[in-house]
Amino acid sequence: IHHITHNGGLYKRPFNEAFEETPMLVAVLTYVGYGVLTLFGYLRDFLRQWKIEKCHHASEREEQKDFVPLYQDFENFYTRNLYMRIRDSWNRAICSVPGAKVDMLERLSHDYNWTFAYTGRVIKDVINMGSYNYLGFAQNTGICKEAAAKVLTQYGAGVCSTRQEMGNLDKHEELEKLVARFLGVEAAMTYGMGFSTNSMNIPALVGKGCLILSDELNHASLVLGARLSGATIRIFKHNNMQSLEKLLKDAIVHGQPRTRRPWKKILILVEGIYSMEGSIVRLPEVVALKKKYKSYLYLDEAHSIGALGLTGRGVVEYFGLNPEDVDVMMGTFTKSFGAAGGYIGGKKELIDYLRTHSHSAVYATSLSPPVMEQILISMKCIMGEDGTTFGKDCVQRLAENTRYFRRRLKEMGFIIYGNEDSPVVPLMLYMPAKIGAFGREMLKRNIGVVVVGFPATPIIESRARFCVSAAHTKEILDTVLKELDEVGDLLQLKYSRHRLVPLLDRPFDETTYEETED
Amino acid sequence: MDIKHAKDYLYWLYYQYLLITCCYVLEPWEQSMFHTIFITVFAMVVYTAYVFIPIHIHLALEFFSQLLGDQRESTVAIMK
């Protein structure tokens with residue numbers, strides 16, 4: 001079940017990652033369900049085509065019917081016939097700060113999710129298990145808020161220019177020095193949007209004649225940046241070091257496809273924590289491979305910065321490696337710091353090059369001052385420079401919450417993917433009807449979850465993704481676990497065939513009493 | 001109380017059937033259509049089983065007993 005690897009002393013701690021196999025019966029029934037939905041989809045499309053039923057989706061005007069079709073109807077088959085039916089679990093409107101509990105606007109649909117109407121009622125104190133609020137800095141009270149409000153009165157909200165023109169404030173310089181100190185690198189540069197950090201900077205680093213080796217399950221921003229750069233892209237299997245080594249060997253031995261010249265640069269793109277699987281990258285092995293084959297490493301720590309490591313410095317600290325081994329350390333401020341934007345850290349020459357050559361620096365608006373103040377205060381808090389141990393407590397609480405939540409879910413019998421230490425917890429649902437049912441049942445019990453289906457995951461492996469936060473107290477987690485137990489029995493979600501033996505060191509609280517009653 | 005338990009259990013079974021066959025997400029008229037087709041197919045399977053399985057089992061048993069019976073007769077003939 002648990003793969004504990006001690007790879008020649010590269011790993012200083014056990015690496016427990018598990019992806020339990022889909023049970024055969026569940027896979028067959030999932031395909032049956034998708035088959036039924038496909039048949040009904042064809043039927044409804046037929047009725048819509050022959051005007052027996054009203055067509056709600058976009059279509060051309062009568063005069064344009066003879067032209068080349070504007071809307072590719074077949075490609076949207078899945079959207080029209082499955083996504084629309086369970087659409088009420090997504091895009092729910094929130095009307096308060098996304099902390100541990102959140103307020104939601106209630107909405108109804110009278111024509112099976114094609115249009116929604118808000119009833120005007122607010123569902124208060126929904127437990128929020130979907131926000132990327134790992135350290136709990138998404139708050140509207142406290143020191144972050146005071147400081148951000150002061151900066152707002154001083155600088156205003158907008159920057160109104162790009163970084164290279166008039167958008168370079170003194171706060172940007174201060175923030176970049178702090179980020180460099182936090183990560184342990186020579187210099188850093190910040191950008192207004194996390195997605196654009198990846199997609200606009202990879203084209204500046206690699207070009208034609210270079211090779212990009214990217215993980216199977218990389219985020220859309222990395223894929224977009226890689227495609228925009230024009231380099232050759234080769235994919236290795238998710239977190240599989242043998243596959244990566246084979247690709248590296250082939251690249252060095254055979255060179256470019258037709259001319260057999262050596263590649264100008266080989267760049268390996270990996271993420272710290274993969275948000276759909278909850279797995280952590282095997283960084284010691286990647287760094288060893290990178291050094292052996294003399295290639296460069298681009299590490300996207302969007303979810304792992306602040307969430308892993310003893311002091312929250314990310315996946316590099318989690319494995320005890322040297323930050324200088326990673327050539328380009330990228331991350332975002334959206335997840336653990338409660339703000340917005342992204343950064344890239346590395347050697348001074350690299351950052352100076354990016355200041356002139358990055359598309360984001362030339363064309364995109366820079367970070368807004370109150371957002372920067374939020375990042376500054378939260379980062380200082382995590383580092384402990386504001387004089388309290390609040391930051392360190394948050395990081396520790398997150399680690400405890402993560403381990404507790406994952407262990408309890410596994411004991412209950414759910415199939416959970418990913419590494420033991422990652423705060424992203426995917427719970428497998430598999431069947432398409434259960435995606436909609438799960439979202440609705442949890443909302444009835446006042447818990448908000450994020451469910452994910454086909455385009456983001458393989459077709460049979462749909463899941464519900466929980467993001468554990470330091471803002472969740474033990475009582476909140478226990479409530480969620482109790483409701484999950486009920487919903488798991490109601491919807492028959494406990495597929496796991498490996499029953500974990502409950503550890504004897506379980507904390508002695510009310511939940512233990514409840515379970516010994518039956 | 002028992003009737004209530006039984007009814008709840010039956011409703012829970014119906015809910016599982018809706019979830020597994022994805023009828024849960026279909027509109028009511030689609031659900032009725034699917035239920036009709038499913039019940040028809042199921043009834044046909046049950047009827048076919050009722051009509052053909054006893055005859056097939058009987059024929060199979062006869063075949064095998066004939067095979068074994070022949071063996072016995074042939075060894076008896078040789079011994080004679």
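This is a predicted model: local features need pLDDT of at least 70, side-chain atom pairs count only at pLDDT 80 or more; totals for chains, interfaces and linings use all residues.

Residues are numbered from 1 along each chain as its sequence is written, chains are lettered from A and ligands numbered from 1 in the order in which they are written, and side-chain values use heavy atoms, without hydrogens and water.

Me: How many cavities of 30 Å³ or more does a search of the whole structure find?
Reply: Rolling a probe the size of a water molecule over the atoms shows where empty space is left. Here a cavity is a set of points, on a 1 Å grid over the protein atoms alone, where a 1.4 Å probe fits but cannot get out. Points are joined across faces, edges and corners, and a volume is the space filled by probe spheres set on the points. The whole-structure search at 30 Å³ or more gives 2 cavities.

Me: Which elements give two or more residues to the lining of the largest cavity?
Reply: This cavity holds about 50 Å³. Its lining (residues with an atom within 4 Å of a point) is A:Arg163, A:Thr190, A:Tyr191, A:Gly192, A:Ser360, A:Ala361, A:Ala364, A:Thr365 and A:Ser366. Helices (H or I, at least four residues) and strands (E, at least two) are DSSP runs numbered from the N terminus. The elements with two or more lining residues are β4 (187-191) and α11 (359-363) of chain A.

Me: How do the residues of that lining divide by class?
Reply: Ala, Val, Leu, Ile, Met, Phe, Trp, Tyr, Cys and Pro count as nonpolar, Asp, Glu, Lys and Arg as charged, and the others, Gly among them, as polar. The largest cavity's lining comes out as 3 nonpolar, 5 polar and 1 charged.

Me: How many charged residues are in the lining of the second largest cavity?
Reply: This cavity has about 30 Å³ of space. Around it lie A:Gly99, A:Ala100, A:Asn128, A:Ser131, A:Asn133, A:Cys467, A:Ser469 and A:His472. The classes are 2 nonpolar, 6 polar and, for charged residues, none.

Me: With which side chain does the side chain of A:Glu277 make a polar contact?
Reply: A:Glu277 sits in the loop between β7 (266-271) and α8 (283-293) of chain A. A:Glu277 counts as buried because its relative accessibility is 9% (buried is under 20% relative accessible area, exposed over 50%, partly exposed in between, with a 1.4 Å probe and protein chains only). A polar contact is a pair of N or O atoms within 3.5 Å; within protein, one must be able to donate a hydrogen and the other to accept it, and residues adjacent in sequence count only if both atoms are side-chain atoms. At 3.0 Å, the partner is A:Arg463.

Me: Why does A:Gln492 count as partly exposed?
Reply: A:Gln492 lies in the loop between α15 (474-491) and α16 (510-517) of chain A. Its phi is near 55°, positive in a residue other than glycine. A:Gln492 counts as partly exposed because its relative accessibility is 40%.

Me: Is B:Cys22 buried or exposed?
Reply: B:Cys22 is in the loop between α1 (2-20) and α2 (28-79) of chain B. Phi of B:Cys22, not a glycine, is positive, near 60°. Its relative accessible area is 1%, so B:Cys22 is buried.

Me: What separates the C-alpha atoms of A:Glu165 and A:Ala361?
Reply: A:Glu165 is in the loop between α3 (143-155) and α4 (170-183) of chain A. A:Glu165 counts as exposed, at 59% relative accessibility. A:Glu165 and A:Ala361 are 196 residues apart along the chain, and their C-alpha atoms are separated by 9.3 Å.

Notes
On a 1 Å grid over the protein atoms alone, a cavity is a set of points where a 1.4 Å probe fits but cannot get out, and a pocket is an open set with protein on both sides within 12 Å along at least five of seven lines; lining residues have an atom within 4 Å of a point.
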